Amino acid sequence: MPDTSDAHTAHRGDDSREARTSGALPAPASCSIDLDAEGRSIGTFSVPWSRDESGWGNVLTPIAVIANGEGPTVLLTGGNHGDEFEGPVALRRLLHEVEVERVSGRIIVVPGLNQAALRVGRRLSPVDGGNLNRSFPGNPVGTPTQRIADFVFRELVKRADLVLDIHSGGQSMTFEPMIATHVLADERRTAETAEYIKVFGTPLAVLIDEPDPNGLLDSAVEDLGKVFLTTEIQGGRAISARTVDITHRGVVNTLKQAGVLAGEPEFDAPPTFVRMVDDGTSVATIGGLFEPLADPGDEVTAGDPVARIHPIDDLAAPPSVLRSGVNGIVIMRHNPGLIESGDPAITVAVHEAAPW
Ligand SMILES: [Zn+2]
């Protein structure tokens, strides 16, 4: 269980009071529910989207809060990218099954952070082309996507002790289901995060040394010293009973670990712990027909061919062969049968001693 004896403990409403007194909720953004109310609240938050078809139009994002007494605040988000479906589905399942009386603290649920993208099953926003997960901490007077990021950061992240942002591979990638965390400078936060990833229930746990943290929700949360968890649950713009079950169980286990739901986390075994490294990703240098030689979950050795790319029109041309740079386990494979120059084809992560 998390240490609840220090400033990291939830004191619900503190940030919101600060926000109101400083005028931090920008006038154009609004929320139809009181985020600090007890009980179950369901509504939307709204940012303006002025366009030809609707001069005073808005982008509405569904949000739910279940709050009951004292305890931590956990923010659960899915659909940060709109072509990743396990998060939205598992969070909808959670909303239907959790009774207010079972909660100690507060659960804030946004199943579709980028709701407009989720509606059309696309990674990026059809509103403005924005990549929400490159837009944090947002801009209160920016594009609709930047304003959504600003609202989420200012009003939701700042209220939370822990954020779980559920991703999958989307259209372009397929993963071995994993819970992921980052290399953190704060040893205590690293140890606390390790306990969460141990009990989440995915086959893999991946330590990421983020090469480009700019604009990620991850960075915005971690910069505030809060616990941040993220996932990659399969992908391919598809969904399965297995991956929804893994995600749902992970959400419930996270809430139990945080003390928001009673009981101990339930999982078969701690995950295999691996780390992403610089030479673990094989990137296509030509476009063509993609022939994977390994799938997520496969063990490979440095030098092993992991994919071939066949020039589409030249039957005499030999394929481009991509090889693993490291010994380890395949965590990601390019999903479509066609690949472009610059696309990551296969990512291999190396085994590492678990931090628990
Ligand atoms: Zn994503």
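Here is a short chat about the predicted model shown above.

Local features here need pLDDT of at least 70, side-chain atom pairs count only at pLDDT 80 or more, and totals for chains, interfaces and linings use all residues. Residues are numbered from 1 along each chain as its sequence is written, and side-chain values use heavy atoms, with hydrogens and water left out.

Student: What share of the 356 residues counts as buried?
Tutor: Buried means under 20% relative accessible area, exposed means over 50%, and partly exposed is in between (1.4 Å probe, protein chains only). By that rule, the buried share of the protein chain is 53%.

Student: Which residue does a cis peptide bond join to F136?
Tutor: Most peptide bonds are trans. Here omega is about 5°.

Student: Is Q234 buried, partly exposed or exposed?
Tutor: Q234 sits in the loop between strand 10 (227-232) and helix 7 (241-258), and has a positive phi of about 55° without being a glycine. Its relative accessibility is 25%, so Q234 counts as partly exposed.

Student: What is the relative accessibility of R237?
Tutor: R237 is in the loop between strand 10 and helix 7, and its phi is positive too, near 55°. R237 counts as partly exposed because its relative accessibility is 42%.

Notes:
Helix = DSSP H or I, 4+ residues; strand = E, 2+ residues; numbered from the N terminus.
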